[in-house]
Amino acid sequence: LLRQYWMPAALSEELDSDRPVVPVNLLGEELALFRNEDDKLVLMDRHCPHRGADMCFGRKEEGGIRCPFHGWKFDAQGQCVDQPAEPEGSKMHEKI
Ligand code: FES
């Protein structure tokens, strides 16, 4: 029911600081909030689906954020779009 209503999550100026990926707790969920290159807000699971690394320490890149542990990259919809250790042409990221 509460997901139908607006909730304050973070201050806008927090996203313009030196650490632009902000940890957010909403309705018991641990999330990471940042702005993408189009200035749109992105809210995603704080823990990487691979080994649970904290995405708040991730690196913002064009088109999304890269996990600080093994470098998987996720777009604004949470889809994995790159896995640096996978062989060229691998489609494994499409299933994540
Ligand atoms: S924990 Fe994120 S890529 Fe491995």
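Which residue in β2 is the bridge partner of Val 24? In this predicted model, that partner is Leu 31.

Strand β2 covers residues 29-35. Together they form a hairpin, with 2 residues between the strands. Leu 27 sits in that turn and has a positive phi of about 50°.

Now follow β2 to its other partner. Strand β3 spans residues 41-45. It pairs with β2 in the antiparallel sense, over 5 bridges. Here Leu 33 stands opposite Leu 43 in β3. This pairing is a hairpin too, with 5 residues between β2 and β3. Its turn holds Asp 39, whose phi is positive, at about 70°.

Is β2 enclosed or open? Of its 7 residues, 5 are buried, so the strand is largely enclosed by the rest of the structure. Buried here means under 20% relative accessible area.

Next, turn to Ile 96. This residue is found in the segment after β7 (80-82). Its relative accessibility is 27%, so Ile 96 counts as partly exposed. That class lies between the 20% limit for buried and the 50% limit for exposed.

What does Ile 96 contact, leaving aside its neighbours within four places in sequence? The partners are Pro 49, Trp 72, Phe 74, Gln 79, Cys 80 and Gln 83. Take Cys 80 from that list. Ile 96 and Cys 80 are 16 residues apart in sequence. In space, they are 5.7 Å apart, C-alpha to C-alpha.

Terms used: Residues are numbered from 1 along each chain as its sequence is written. This is a predicted model: local features need pLDDT of at least 70, side-chain atom pairs count only at pLDDT 80 or more; totals for chains, interfaces and linings use all residues. Side-chain values use heavy atoms; hydrogens and water are left out. Buried means under 20% relative accessible area, exposed over 50%, partly exposed in between (1.4 Å probe, protein chains only). Helices (H or I, at least four residues) and strands (E, at least two) are DSSP runs, numbered from the N terminus. Two strands pair if DSSP finds at least two bridges between them. Contact means heavy atoms within 4.5 Å.
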